[in-house]
Each structure stands twice: as structure tokens, then as C-alpha cells.
Amino acid sequence: MQYMDLSLLLYIGMLALGVFVGSRKAVRSRPCRWLGPLQSVALIALIAALGVEIGADDQVIASLGEIGLSALAITLFALAGSLLAVTLVRRLLKLDAQGRTRAQREAGQAEGRDEP
């Protein structure tokens, strides 16, 4: 097996482990306030590692002038497509800005929460 195959297996294995742990009732029943900041730190570390890897590749650096405009266009279209898809799905499912249905909002208000 190649290094890339082992890395992919590791990623899939970690994902499966996370899904298994997250699906346990004991984990879902209590709030995990630390999870959001942990995800942010992990994402920043991942982006930094990707930046270092790209910066260390001489071929990529040499061809930045050629691929720069194409990369910008792809990025902008991907961003626009993602925003459009989220907007359409929210309207289709009738979700509010927090991703709640009307029934969920009303249930939250009935419980005395001050959320709009």
C-alpha cells in the first residue's frame, strides 16, 4: 500500500470513530461547549499545514501566475454555488437563520427560551 492509501484509510477511520462516539446517547445528552473551539483550532491548523505544503512546492510557486486567475474564478464560483445551494435548501425546508423549523422555534418559545 502506498502512503496516500494509508492516509485515506486513516481519515475514513477517524471519521467513522467520530460518528460512532458522537452517536452515543451519553455524548449527545450533554452539551459539548469545547467542540466548536476545538473544530476552529483544527481547521486553522489544517489550513496552515496546507499552506506550508503548497508554499514548499516549487512547481506550484513557479506556476502561480498561470493558475492564479483560474484559481480565483473557481473559488468565487464555488463560493457562490455553495451560498445559492444553502439558500435554496433553507427555503425548501423552511428553516430560519439558525436552521430551525417553525415547530422547533415554537417549541423553544413554549419552553421559555428567549430565542426569536
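Predicted model: local features only at pLDDT ≥ 70, side-chain atom pairs only at ≥ 80, totals over all residues.
**Stop 1: Asp 96**

Start with the salt bridges, of which a search of the whole structure finds three. Select Asp 96 and show its side chain together with those of Arg 100 and Arg 105. These residues, Asp 96, Arg 100 and Arg 105, are linked in a network of salt bridges.

The closest N and O atoms of Asp 96 and Arg 100 are 3.1 Å apart. Now label the pair with Arg 105: here the closest N and O atoms, again counted from Asp 96, are 3.6 Å apart. Both distances can be read against the cut-off of 4 Å for a salt bridge.

Is Asp 96 buried or exposed? Asp 96 has 14% relative accessibility, so it counts as buried. Colour the two partners by accessibility next. Arg 100 is buried as well, at 15%, while Arg 105, at 22%, is partly exposed. The limit for buried is under 20% relative accessible area, which is why 22% falls into the partly exposed class.

**Stop 2: Glu 106 and Arg 102**

Move to helix H6, which covers residues 102–110. Select Glu 106 and Arg 102, whose side chains meet in a salt bridge with an N to O distance of 3.3 Å. How many residues apart are Glu 106 and Arg 102 in helix H6? They are four residues apart, so about one helical turn separates them.

Arg 102 is exposed, with a relative accessibility of 59%. Glu 106 has a relative accessible area of 44% and is partly exposed. As background to both stops, side chains of opposite charge can pair when their charged atoms come close.

**Stop 3: the largest pocket**

Clear the selection and go to the largest pocket, with a volume of about 240 Å³. To display its lining, select Met 14, Leu 15, Gly 18, Val 21, Val 27, Arg 30, Pro 31, Cys 32, Trp 34 and Leu 35.

Which helix gives the largest share of this lining? Helix H1, residues 3–22, does, with four residues. Colour the lining by residue class to finish: eight of the residues are nonpolar, one is polar and one is charged.

Definitions and conventions: Residues numbered from 1 in each chain as written. Heavy atoms only, no water. Buried < 20%, exposed > 50% of the residue type's maximum accessible area, 1.4 Å probe, protein only. Helix = DSSP H or I, 4+ residues; strand = E, 2+ residues; numbered from the N terminus. 1 Å grid on protein atoms, 1.4 Å probe; cavity = no way out; pocket = protein on both sides within 12 Å on 5 of 7 lines; lining within 4 Å. Points joined across faces, edges and corners; volume = space filled by probe spheres on them. Nonpolar A, V, L, I, M, F, W, Y, C, P; charged D, E, K, R; others polar.
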